[in-house]
Amino acid sequence: MIVSSKLPGVGTTIFTVMSALAQEHGAINLAQGFPDYPSSQRLSELVAHYMYQGYNQYAPMAGVPLLRQRIAEKIDGLYGVQINPDTEITITAGAAQGLFTAIGAFVSPGDEVIVFEPAYDSYRPSIEVFGGVTKSFELTAPDYTIDWDQLRRLINMKTRMIIINTPQNPTGKILKPADMQALEKLVSSGDIIILSDEVYEHLVYDGYEHQSILRYPNLRERALAVYSFGKTFHNTGWRVGYCVAPPTLTAEFRKVHQFNVFSVNTPVQYGLADFLEDPHEYLGLGTFFTHKRDAFLDVIHGSRFRPLQTEGSYFQNCDYSQISDEPDVDFCRRLTIEHGVAAIPISVFYQSKRDDKIVRFCFAKKDETLELAGERLRKV
C-alpha cells in the first residue's frame, strides 16, 4: 500500500532524540523541558482522593465546572479580567492539544499563519496538517526583538492567524507592553486571529510582568490563549491545560475539541480545582525559578559558554562559539556523548535551520543536578 504523508518532512522531534541520546550515554538531561523534582504532594493526594472517591468517568466535554470557575477567578486576580467559565474556558489535554485544536478549528487549506522563529516545534506541523501555509518571521540573537513594521509586509488577504509565544520557547524572551500595542495596531482591522501560547505565564523574571493577551481588550476579542498546568505545577506528564477565548471562538474551538479528546482526565481536574483555591501555589513560581536560573548561571560561570538574557520560561540559551565552530546539532551530540550533558540546538527551531551557535539548557532541575551539570560544562 502506498501511503501519502501529510507531513513528509517531519521526523522524530529533537526532544525525543536528545533525551534518548542522554539516556543511552548516561548524560544529564538539560535538553527536554521537564523538572526532575516532584510536584506538590498535596496536589497528588487531592487527585488520589478523587480517584478513590470514584471520580473516574468522563468529565464534561468543556471541563469540570469547578475547575473552570477557579481558572476564571485566577485570571481575574492576575489580570483584572472577568471571564465567563461556561462560555470562554475549555480544559484541554495539555497545552499542545489546545494549540493543535485552535489551529484545526480556524486554519483552512491555503490560509497563511505567521510564526515567529525560532519557534516551538509543534506550530508548523499543526498548521500544515490542516493545509495551512506557515509564514516564518525570523528573529535574531541575542535580543530576538520583533520589528513590527517589517512584520507588516507579511500580512495579506490570506493571513488567517498569528501565533505568539510569551515567555518564548526556546529563546526565554518575553513580549513587552510596546509589543502588544504594536500587535494591536497591526490587526485592528480584518479577521486575523491571534493564538497566544502562554504556558510559562508564571515564569517571568527581573521585575517584568507577564503581558497576557487577556490584558488587552482589542486583542482578547480575536484571540485564543493557551495555558499549561503541567508547566505551572511541575507535572508535565499529567497533560492538562486550558484554552481561554471569547464565546464565538470558544464555540468553534469546542467543535473540534469534542471530536479530538472529547474530555480530559477527571480526577486530575477535580484535584487541580481544589489546589487552585490557594493562589500562593502559583504566585511564588517566579521567585522559585529565578533561583533556578541564577543557580544555573552560577554553576556555568567560568565556562566558555556565554549566556544570553533569559526573561522568562525555564530555559537558558548559551552561545558556544568560543568553544567550537561545528554545527549546533553536531555540537549537542558531542556535548551529550563526550561531556555528559544534553542540550537542544536552536537551529532546529528555524525552518531555514539558521545556526547562530546557540544551544538551549533547561534549568528546571534539582540544585544538585545543576551543580553536577555545571561541573561538566566548565570542563568543555
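Mentor: Gladly, and one definition comes first: two strands pair if DSSP finds at least two bridges between them. Helices (H or I, at least four residues) and strands (E, at least two) are DSSP runs, numbered from the N terminus. This is a predicted model, in which local features need pLDDT of at least 70 and side-chain atom pairs count only at pLDDT 80 or more, while totals for chains, interfaces and linings use all residues. Residues are numbered from 1 along each chain as its sequence is written, and side-chain values use heavy atoms, with hydrogens and water left out.

Trainee: Which residue in strand 4 does Val113 stand opposite?

Mentor: Strand 3 (residues 112-117) pairs with strand 4 in the parallel sense, over six bridges. Within strand 4, the residue opposite Val113 is Thr134.

Trainee: Which strands stand at the edges of the sheet of seven strands?

Mentor: This open sheet has the order 2-8-7-6-5-3-4, and its pairing is mixed.

Trainee: At about what angle does helix 4 run to strand 7?

Mentor: Helix 4 (residues 94-106) lies across several strands, including strand 2 and strand 7 (223-228). Axes are lines fitted to C-alpha atoms, for helices over the stretch in contact (heavy atoms within 4.5 Å). Angles run from 0 to 180 degrees between N-to-C directions, and here the angle is about 160°.

Trainee: In strand 13, what is the bridge partner of Phe315?

Mentor: Another open sheet, of four strands, has the order 9-10-13-12 with antiparallel pairing. Strand 10 and strand 13 are joined by five bridges. The partner of Phe315 is Cys362.

Trainee: Is Lys185 buried or exposed?

Mentor: Lys185 lies in helix 7 (residues 177-186). Buried means under 20% relative accessible area, exposed over 50%, and partly exposed in between (1.4 Å probe, protein chains only). Because its relative accessibility is 64%, Lys185 counts as exposed.
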